Amino acid sequence: MVNNRKKRMVALATTAVLLSSSAIYAAPTTKTLKATFNGIRISYNGQIKTDEKEPFIVDNTTYVPLRMVAELVGKTVKWDAQNKQIIITDNGSSTTSNALYEQAQQQISTLTAQLAQKSLEIAQLKQEKTALEEQIKTLQNSKSSSKNKDLSDLEDQIIEDYEEYKNIEFDIQLSGNSSKISLKIKVDLDDYKRAWNKLTQKDIQNYIEDICDDIWDTYDSAKIEGYIYDTDSRDYLVEFKSDSKKKLKFTFDNVSDTLEDLEKDLYSYYKDYLSGIRLSSIELSGDRDDIVYEVRIDYSEYKDEWKALSDSEITRLMSKIYNEIEDEFRDADIEGYIYTKSNKDLMFKYYRSSSGSDRYDRYNP
């Protein structure tokens, strides 16, 4: 035990000599030192480092193995025995790390400069984009204004050419754009009803087609739709629309013509409906809100047959006529009557309740 302690003290003495800055130049000498080992540990960046040679204390000074400390901070330690020198140099990994760091810094500087240049280019492009958008907006407004002016000029021309037709004065309006044009034609039938009634459907179609042809002379590919509207009755008289081939489709909404056509159909269907009795006529009158239908029977000829009819048989005829009229004019209030042909005495009245139930009154002529 004593021999081991002596050897340990000698080794410590030797280490202490190596740590002394004057050991390189001083003449060789031997000293005996009293060292204290207290289990001293070295912590580097939070990690405990161990070595075969434990740090120790001599005269209140802590001595640490040089090689361990140097290698911790990335240095290489060599002993030059011939010259009795401790040589400390930077190791290769540190040099490489520094080079990589400098290279990375240079790349960051380059990328930062490039990013600044790109940001400048983006800002310039945004300015150019804004300027172009303003230019496009100005051109669109100018183009739209030009189109509206052209349409307004066309409207003036059409009014001049077509505001009067067959002794009827019309108010004509155009709106829309080059692809779709609305043609609105208004007439006051309180002033021109007699002249309007003289027009045939063909007359009206020719009138509208001529106007549309003039529109197509300016807007060749435009789709046209519109109507003729009676400002007196506030009713649409004619509606029309063109297809892709410039062919116009018409819808005539003249109540008097519809009623006339309908009463002819009704008489054809129901003139022999009542058993043993031929109806003299079926007549319709009224407008879209109120329609009256009157059935005429020659009572002097069919007196006995009429008396033989039950109420349900007569009601069935009047109900069927009612349904036919309702199919054409769903919102109208409808009433039906049966009169004698000669003196027009009332024989039967038919109507429906608000719930749709049949209601009737039968009279003796």
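Q: What does arginine 352 form with glutamate 326, and how far apart are the closest N and O atoms?
A: Arginine 352 and glutamate 326 form a salt bridge, with the closest N and O atoms 4.0 Å apart. Keep in mind that this is a predicted model.

Q: Which parts of the chain does the pair link?
A: Distant ones. Arginine 352 is in strand 17 and glutamate 326 is in helix 8, 26 residues apart.

Q: Why does glutamate 326 count as partly exposed?
A: Its relative accessibility is 29%.

Q: Which residues are linked in the network of salt bridges with Arg352?
A: Glu326 and Asp358 are linked with Arg352 in that network.

Q: How many salt bridges does a search of the whole structure find?
A: The search finds 10. Among them is one between aspartate 272 and arginine 278, at 2.9 Å from N to O. Lysine 118 and glutamate 121 form another, with their closest N and O atoms 3.8 Å apart.

Q: Take that last one. Where do lysine 118 and glutamate 121 lie?
A: Both are in helix 3, residues 92-162. They sit 3 residues apart, about one turn of the helix.

Q: Now a charged residue without a partner. What is the nearest side chain of opposite charge to aspartate 214?
A: Lysine 246, and it is 12 Å away. Aspartate 214 is buried and has no salt bridge.

Q: Where is aspartate 214 found?
A: In helix 5, which covers residues 201-218.

Q: Which side chain does aspartate 214 make a polar contact with?
A: The side chain of tyrosine 162, at 3.0 Å.

Q: Which residues does aspartate 214 touch, leaving out those up to four places away in sequence?
A: Leu154, Gln157, Asp161 and Tyr162.

Q: Let's switch to the sheet. What is the order of the 5 strands?
A: The order is 14-15-16-17-18. The sheet is open and its pairing is mixed.

Q: Which strands stand at the edges?
A: Strand 14 (281-286) and strand 18 (358-362). Each has a single partner strand, so one side of each is left without a neighbour in the sheet. From one strand to the next, the twist averages 15°.

Q: What packs on the sheet?
A: Helix 8, residues 311-328. The helix touches strands 14, 15, 16, 17 and 18. Its direction makes about 55° with that of strand 17, residues 346-352.

Q: Parallel or antiparallel for strand 14 and strand 15?
A: Antiparallel, joined by 6 bridges. A hairpin through 3 residues connects the two strands. One of the bridge pairs is glycine 286 with isoleucine 291 of strand 15.

Q: Then how do strand 15 and strand 16 run?
A: Parallel, with 8 bridges between them. Strand 15 spans residues 290-297 and strand 16 spans 333-340. Arginine 296 has tyrosine 339 in strand 16 as its bridge partner.

Q: Where is the place of lysine 166?
A: In the loop between strand 7 (164-165) and strand 8 (168-169). Asparagine 167 is in the loop between strand 7 and strand 8 as well.

Q: How accessible are lysine 166 and asparagine 167?
A: Lysine 166 is partly exposed, with a relative accessible area of 45%. Asparagine 167 is exposed, at 63%.

Q: Last one, the overall picture. How many helices and strands are in the protein chain?
A: There are 8 helices and 18 strands. Buried residues make up 28% of the 365 in the chain. Among contacts with a separation of 6 or more, 50% come from residues 24 or more positions apart.

Definitions and conventions:
Residues are numbered from 1 along each chain as its sequence is written. This is a predicted model: local features need pLDDT of at least 70, side-chain atom pairs count only at pLDDT 80 or more; totals for chains, interfaces and linings use all residues. Side-chain values use heavy atoms; hydrogens and water are left out. Helices (H or I, at least four residues) and strands (E, at least two) are DSSP runs, numbered from the N terminus. Buried means under 20% relative accessible area, exposed over 50%, partly exposed in between (1.4 Å probe, protein chains only). Lys and Arg count as positive and Asp and Glu as negative; His and the chain ends are not counted. A polar contact is a pair of N or O atoms within 3.5 Å; within protein, one must be able to donate a hydrogen and the other to accept it, and residues adjacent in sequence count only if both atoms are side-chain atoms. Contact means heavy atoms within 4.5 Å. Two strands pair if DSSP finds at least two bridges between them. Axes are lines fitted to C-alpha atoms, for helices over the stretch in contact, and angles run from 0 to 180 degrees between N-to-C directions.
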